[in-house]
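Subject: Structure handover

Hello,

The structure we discussed is below, and my notes follow it. Please read them with the coordinates open.

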Amino acid sequence: FLCVASHRSEELLKSRVDLHLHTTMSDGRLSPTELVTLCAERGLRQIAITDHDSLEGLPEAQAAAAELGIDVISGVELGADETGGEVHLLGYFVEADDPELSSILAGFREGRTTRGRRIVERLAELDVHVSWGRVLELSDGGAVGRPHIAQAMVEKGYVQYPKEAFDQYLGRSGPAYVGRERLTPAEGVAALVKNGAVPVMAHPTYYMSGDGPEEVARLTETLAGLQQVGLAGMEVHYGDYTTRQVEMLASVASELGLIQCGGSDYHASGNPDETEPGKVGPPPEVIGALQDVRGRLLGQGEA
Ligand code: AMP
Ligand code: ZN
Ligand code: FE
Ligand code: FE
């Protein structure tokens, strides 16, 4: 077995844990069953389903996981906004039977629909014509996201890949960008804690412009503030992060005592070079660390 060098290096890259994955219940393109099946086939043992603003894929994912003998952690991803930038929050071990969180998420999904329609109108003004009906069809009853609009643009031949639609039109500084109502990061953390979910900051570099010392300090300060309201971890092993980025984030996490999480953020997006499930992920011990926090949150709830 020593002779297959390329195979060995691929194995070294691979993680058995992936804590950031999307399904058709938001902007992923695989159903919960398809995604869990793919993860099982790829040799993953423990995964988290983290759809944007939706818990609706969790029962199906759990059922598929039980069938295939892998663990699915119930998760969610919330987008939050602050003057300093955008913060995405992952919540792990989320309690799906929670009317309060469910109603917050339903409100966000409604806001996504309104905003999606406005983006389509703005695109039309830019002479890019996609039909709103098609966007709704692509979102298939799940939380509407810009990737659905990007996909409709690919279908119409305006761009070759969804990513180009973001680069040219839909990105935060693009001509068709429309924002939506969101919680502040602190409110997002609080909403997750109230549910009993363990809050983790997703892809922290989204919040940064560059990786200079001022930006690292600004991120550290924001993380420390959120830690006060219950943030327990941050993604360190993520998507296409370079070794340098991973080292920078690991050092911030270890300075603050935050759990070092991560995953692929796989969407089956159709973009070239998309990070596939299990290509990156945290070591399995993080699950125990997240469970410990979950136990403490539940204990506080009972007290
Ligand atoms: P939304 O939830 O509608 O704000 O869209 C955000 C989603 O779009 C993210 O979760 C990614 O799936 C995707 N996305 C964001 N930025 C880009 C980009 N530059 N290229 C491709 N996909 C992106
Ligand atoms: Zn997404
Ligand atoms: Fe995100
Ligand atoms: Fe995500």
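At roughly what angle do the axes of helix 9 and helix 10 cross, and within what distance do they come? Before the answer, one caution: this is a predicted model.

The axes of helix 9 (residues 213–228) and helix 10 (residues 243–256) cross at roughly 40° and come within 11 Å. At that angle helix 9 is therefore oblique to helix 10. The crossing of the two is right-handed. On the helix 9 side the contact is made by Val-216, Leu-219, Thr-220, Leu-223, Ala-224 and Gln-227. Helix 10 contributes Met-248, Leu-249, Val-252, Glu-255 and Leu-256. By class, the residues of this contact divide into eight nonpolar, two polar and one charged.

Helix 2 and helix 3

Helix 2 covers residues 32–41 and helix 3 covers residues 58–68; their axes come within 8 Å and cross at roughly 35°. Helix 2 and helix 3 make a right-handed crossing.

Helix 5 and helix 6

Helix 5 (residues 132–139) packs on helix 6 (residues 146–155) at an angle of about 120°, and the axes are 9 Å apart. Helix 5 is oblique to helix 6 because of that angle. Here too a right-handed crossing is found, with helix 5 passing helix 6. From helix 5, Arg-134, Val-135, Leu-138 and Ser-139 take part; from helix 6, His-148, Ile-149, Gln-151, Ala-152 and Glu-155 do. The residues of the contact of helix 5 with helix 6 comprise four nonpolar, three polar and two charged.

Ligand 1

Which residues are around ligand 1? They are Asp-27, His-52, Arg-112, Arg-115, Gly-145, Arg-146, Pro-147, Lys-163, Phe-166 and His-267. For Asp-27, a polar side-chain atom lies 3.4 Å from an oxygen atom of ligand 1. A polar side-chain atom of His-52 is 3.0 Å from an oxygen atom of ligand 1. In the side chain of His-267, an N or O atom is 3.0 Å from an oxygen atom of ligand 1.

Regards

Key: Residues numbered from 1 in each chain as written. Chains lettered and ligands numbered in written order. Predicted model: local features only at pLDDT ≥ 70, side-chain atom pairs only at ≥ 80, totals over all residues. Heavy atoms only, no water. Axes fitted to C-alpha atoms, helices over the stretch in contact; angles between N-to-C directions. Helix = DSSP H or I, 4+ residues; strand = E, 2+ residues; numbered from the N terminus. Parallel < 35°, antiparallel > 145°, perpendicular 65-115°, else oblique. Left-handed = near helix turned anticlockwise from the far one by under 90°. Contact = heavy atoms within 4.5 Å. Nonpolar A, V, L, I, M, F, W, Y, C, P; charged D, E, K, R; others polar. Near = heavy atom within 4 Å. Polar contact = N/O pair within 3.5 Å; in protein donor to acceptor, adjacent residues only side chain to side chain.
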